[in-house]
Structures are given as structure tokens and as C-alpha cells.
Amino acid sequence: MTTGAQTPRTPARPPRSRLRTFLPLGIAAWLVLEIWLLTVVAGASSGFIVFLLLVAGVVLGSVVIKAAGRRAFRNLTETLNQQQSGTPTEARPSSEGNGLMMLGGLLLILPGLISDALGMVMLLPPVQKAVSRYAQRTVERKLRDAGPGTLGDAFRQARMHRPDGKVVPGEVVRDDPDGDTPQGPRPPLSR
């Protein structure tokens, strides 16, 4: 028997972005390529040489990350000391690139020859400048496209638009004409 009311439809799933579609495939292809390249190098030389290359990558990556972290901490300390003393802070050329150096060190630590090569390339100053300029332009473009608003507005919008499609705008208004709300601890809730 029908009542004339339409049955509610489940909302259609939004289409997946290209990144969510191809990122797992890209990671799997990268891992297969890394393993294949390690076996080729091990076949051409020996397994011990490959092991030494991987250990050298871990050691070099650790040294790079440690040096970049110390440099970033030293720059932070100097900036805080200048602000506390009241002197104006000045831009230092050595303060840029710590994050990219850490990324290069992380790529060196990851086992594999391709990641080691990418990590070594990330340590080159011209590459760091090019990557930082590209990242800065991308962030500025995204911020321009996002429009005005605060982080709280974005958080509120993210919470209002649920994945199931239900949006319940509103606010809670408490009506206490007597003001007799107990101020002590509340009793525990029982099931």
C-alpha cells in the first residue's frame, strides 16, 4: 500500500578525486620499481653492496635531518630572543629550506635507490628554491580561491556538511526562568 510519500533516496556518493584514485596506484608502482631496482643492483654487484647503500642512506638521512632540526631550532631561538629584546626581526637567508632539507633526509632514510636519488636532489639549494617558490604560489592561489573567512568558519562548515548528506542547522537555547539549576556534581547516567 502506498501513502503517496516518496521513499527517501540515499544521497549519491561524491566522485573520487584524481589524487584519491591514482595515489595508491602510484605508491604501489613506486614500491615495485624500488624493489626491482634493488634486485637489479644486487644482481650486478652483490647483496652486501646494496645493504651498505641502504645503511649509508639511513645514516646520511639521519645526519641531514638532525642538522636541519638544529638549524631550525637555532633560528627559532634567535627570533624569540630578538622579539623579547624589542629589536626588529630581520629575514635570514639560512632560515629557509629547513623543511625541504628534512624532506630530503626523510627520502634518504626510506629504503630504496630512487628515494635516495630524490633525497639527494632535494638537498641541492636551487631545487629547494624552486620547490619553495612553487609551494608558495600554490598556497597563495588556494588561499585566494578559498575566499574570506576564518578557520572557525571552515571548521563549522566541515562539521555541518556530514557525509550522509544530513545538515541540521540550528542552535540550542536554554530557558531557565527560575535559575534553579544545580551547581553541584551531576548524578551518573544509568543505562
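Student: Is Glu34 buried or exposed?
Tutor: Glu34 counts as buried, because its relative accessibility is 3%; buried means under 20% relative accessible area and exposed over 50%, with partly exposed in between (1.4 Å probe, protein chains only). This is a predicted model, in which local features need pLDDT of at least 70 and side-chain atom pairs count only at pLDDT 80 or more, while totals for chains, interfaces and linings use all residues. Residues are numbered from 1 along each chain as its sequence is written, and side-chain values use heavy atoms, with hydrogens and water left out.

Student: Which backbone nitrogen does the Glu34 side chain reach?
Tutor: That of Ser115, at 2.9 Å.

Student: Which residues does Glu34 touch?
Tutor: Leaving aside residues up to four places away in sequence, Glu34 touches Pro111, Gly112, Leu113, Ile114 and Ser115, where contact means heavy atoms within 4.5 Å.

Student: Which residues of helix 4 are buried?
Tutor: Helix 4 (residues 113-122) has Leu113, Ser115, Asp116, Gly119 and Met122 buried; helices are DSSP runs (H or I, at least four residues) numbered from the N terminus. These buried residues pack against helix 1, helix 2, helix 3 (98-109) and helix 5 (125-146).

Student: Turning to helix 1 and helix 2, at what angle do their axes cross?
Tutor: The axes of helix 1 (residues 18-44) and helix 2 (residues 47-85) cross at roughly 130 degrees and come within 7 Å. Axes are lines fitted to C-alpha atoms over the stretch in contact, and angles run from 0 to 180 degrees between N-to-C directions.

Student: Which residues meet there?
Tutor: Leu38, Val41 and Ala42 in helix 1 meet Gly47, Val50 and Leu54 in helix 2.

Conventions:
Helices (H or I, at least four residues) and strands (E, at least two) are DSSP runs, numbered from the N terminus. A polar contact is a pair of N or O atoms within 3.5 Å; within protein, one must be able to donate a hydrogen and the other to accept it, and residues adjacent in sequence count only if both atoms are side-chain atoms.
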